[in-house]
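Biologist: I have the file open and would like to go through it with you. Could we start with the aromatic rings and then move on to the helices and the backbone?

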Amino acid sequence: MAGFKVLAAALALALGLTTPAAAQTEAQKTALAGIDPLFEAFMTERHAPGLVYGVVADGKLVYVRTLGVQDTASKAPVTADTVFRIASMSKNFTALAALKLRDDGKLRFDAPAETVIPQLKALKYPTTDSPKITVRDLFTHNAGFVTDDPWGDRQLDMSEADFSRFVAAGVPFSRPPGMAFEYSNFGYALAGRAVTNAAGVNYADYVESAFLKPLGMASTGYGVAKAPAPRRAVGYRWQDEAWVEEPSLGPGAFGAMGGLMTTANDYARYMAWELAAWPPRDGPEDGILKRSSIREIVRGQNFLGVAGRANRNDPDDCDRARAYGMGTIVYSDCKLGPHFTHSGGLPGYGSNVLMLPQRGVGVFAFANLTYAPVSVTVREAAIKLVASGAFPARTQPPSAGLTAMAAAVQRIYAAGDVLAAREALAMNVLLDRDAARRNAEIAALKAKLGACRAPEPIVADNAMSTMLTLPCERGTLRVRITLAPTTPASMQTVEFSS
């Protein structure tokens with residue numbers, strides 16, 4: 001036990017290493033350095049032996065830092081090539097494997113799961129009107145199985161044969177399928193079996209050949225024995241003021257839900273590849289998985305929820321809309337906008353990733369501490385990066401339709417008459433409010449603002465609507481336009497305001 005005594009906090013932080021990463025702007029360097037105190041505090045407060053965290057932006061690992069040790073016996077420091085278990089973050093790989101098999105015509109998401117997993121034919125459903133579990137239900141935690149984090153985490157070394165017998169013997173339901181979201185590691189073990197049966201090879205081998213090798217993730221895999229001992233993060237729990245080593249389990253049938261092991265450098269490759277699916281665009285695919293299929297992971301697939309704000313008295317905080325996609329949890333809130341995330345927790349390990357696809361940015365962290373709650377710190381880091389302004393949301397060129405309508409808006413305002421660009425108005429505009437009333441509103445704005453110059457660059461998140469801003473002599477004119485579904489382009493909404 002003495003060998004596992006806690007290292008002094010000062011020593012743990014002194015071991016911190018920053019690996020050179022891609023070039024950043026000065027603003028980005030400042031923002032990235034600003035997240036360090038968050039993770040340093042996490043290390044101290046949670047008694048984590050070791051930690052690695054990093055930021056991926058625009059296809060590169062722009063920042064990675066290590067703290068503490070990967071092994072308390074040898075005192076070997078964590079590096080960006082230390083192999084950590086990432087637990088339930090593995091589910092994203094399983095979901096992507098299923099999407100690839102779906103694209104190849106080998107797996108049908110809305111087919112009964114028993115068509116690909118024969119042992120499920122013997123299931124006794126909880127009610128006579130229960131629908132059969134579909135393949136999609138397994139990947140979206142919608143099958144009616146009980147949430148099983150503590151139990152499922154100890155099943156990683158269950159053999160495929162034992163798993164077949166376990167399923168065939170029957171399992172209880174928490175509720176009928178299709179009634180609610182209920183996080184199920186057992187359901188994802190079944191999802192792994194669906195991948196195995198559809199692919200014709202074990203799910204781990206399929207993930208390796210379909211994703212890990214093409215992405216150059218040479219230090220990533222499912223087998224504990226394959227991880228080089230000198231680079232493996234030993235897992236610990238904090239007990240009685242000391243670190244106690246946890247057993248390493250796997251690989252096995254439950255590995256599809258949480259068995260993957262990886263490094264910061266490898267995982268950054270994966271994050272960069274996944275984030276590269278945004279925004280939708282023309283251009284060749286990489287041959288690994290279609291960009292449109294990757295983007296399916298963030299479609300909320302089942303029942304919506306709300307994650308309440310941590311401090312109800314904080315006016316700057318907000319609740320978060322939440323849904324489970326496929327192997328990822330999808331959020332939207334006032335701090336980060338749309339984003340997706342997933343935690344991982346096992347005896348000996350805790351991890352989290354949060355991605356901001358509209359910004360091309362992701363933050364991740366791995367720790368070798370039982371169920372280390374690093375997700376809170378990762379989110380705080382992401383909030384800091386967004387608030388810094390150094391990682392802005394991506395913009396896309398305005399569509400030809402919006403550009404043409406911006407010119408029409410200028411003509412209307414300059415003339416003080418909506419009929420100056422009548423050809424740009426959809427048929428509903430003058431029916432909704434006649435020209436005389438619209439012109440009176442424009443006249444009042446002209447008296448207040450004076451003449452206006454050309455609109456500022458158009459920023460829009462879709463091809464059909466935007467808020468134009470025009471600098472004027474005495475203020476700013478704002479014009480909300482929405483195009484009608486017509487060819488040529490026309491405006492169904494054109495609303496002037498100051």
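Biologist: Which ring does the charged end of Lys-91 sit over?

Modeller: Bearing in mind that this is a predicted model, the charged end of Lys-91 sits over the ring of Tyr-188, at 5.7 Å from the centre of that ring.

Biologist: And what lies over the face of Tyr-331?

Modeller: That is Arg-320, which is placed 4.4 Å from the ring centre of Tyr-331.

Biologist: How many aromatic pairs does the structure hold?

Modeller: There are 24 aromatic pairs in the structure. One of them is formed by Tyr-203 and Tyr-222, whose ring centres are 5.3 Å apart and whose planes stand at 85°, so this pair is edge-to-face.

Biologist: Why does that pair tie together parts that are apart in sequence?

Modeller: Because Tyr-203 belongs to helix H9 (residues 203-212) while Tyr-222 is in the loop between H9 and strand S6 (236-239), the pair connects parts that are 19 residues apart in sequence.

Biologist: Are Tyr-203 and Tyr-222 buried or exposed?

Modeller: Both Tyr-203 and Tyr-222 are buried.

Biologist: Which residues do ring pairs link into a cluster?

Modeller: The cluster consists of Phe-84, Phe-93, Phe-211, Tyr-267, Tyr-270, Trp-273, Phe-364 and Phe-366, linked by ring pairs.

Biologist: OK, helices then. At what angle do H4 and H9 pack?

Modeller: Helix H4 (residues 91-103) packs with H9 at an angle of about 80°, and the axes are 10 Å apart. The two helices are therefore roughly perpendicular to each other.

Biologist: What about H14 and H16, how do their axes cross?

Modeller: The axes of helix H14 (residues 400-415) and helix H16 (residues 435-449) cross at roughly 80° and come within 9 Å, which makes H14 roughly perpendicular to H16. On the H14 side the contact is made by Ile-412, Tyr-413 and Ala-414, and on the H16 side by Ile-442, Leu-445, Lys-446 and Leu-449. By class, the contact of H14 with H16 has six nonpolar residues, no polar ones and one charged residue.

Biologist: Changing topic: where does Arg-136 lie?

Modeller: Arg-136 is in helix H5 (residues 135-139), and with 23% relative accessibility it counts as partly exposed. Leaving aside residues up to four places away in sequence, Arg-136 touches Phe-109, Asp-110 and Gln-301.

Biologist: And how far apart are Arg-136 and Arg-291 in space?

Modeller: From C-alpha to C-alpha, Arg-136 and Arg-291 are 20 Å apart in space, and they are 155 residues apart in sequence.

Biologist: Now the backbone. Which peptide bond is cis with omega near -10°?

Modeller: That is the bond from Trp-278 to Pro-279, where Pro-279 lies in the loop between helix H11 (264-275) and helix H12 (291-295). A cis peptide bond also joins Thr-487 and Pro-488, with omega about 0°, and Pro-488 is placed in the loop between strand S16 (475-483) and strand S17 (491-497). As background, most peptide bonds are trans, and most residues other than glycine have a negative phi.

Biologist: Then what is phi of His-141?

Modeller: Phi of His-141 is near 55°, a positive value in a residue other than glycine. His-141 lies in the loop between H5 and helix H6 (149-152), and it is buried, with a relative accessible area of 2%.

Biologist: Last one: how many helices and strands does the protein chain have?

Modeller: The protein chain has 16 helices and 17 strands, and buried residues make up 53% of its 498 residues.

Terms used
Residues numbered from 1 in each chain as written. Predicted model: local features only at pLDDT ≥ 70, side-chain atom pairs only at ≥ 80, totals over all residues. Heavy atoms only, no water. Phe/Tyr/Trp six-rings, centres within 6.5 Å; stacked < 30°, edge-to-face > 60°. Helix = DSSP H or I, 4+ residues; strand = E, 2+ residues; numbered from the N terminus. Buried < 20%, exposed > 50% of the residue type's maximum accessible area, 1.4 Å probe, protein only. Lys NZ or Arg CZ within 6 Å of the ring centre and 35° of its normal. Axes fitted to C-alpha atoms, helices over the stretch in contact; angles between N-to-C directions. Parallel < 35°, antiparallel > 145°, perpendicular 65-115°, else oblique. Contact = heavy atoms within 4.5 Å. Nonpolar A, V, L, I, M, F, W, Y, C, P; charged D, E, K, R; others polar.
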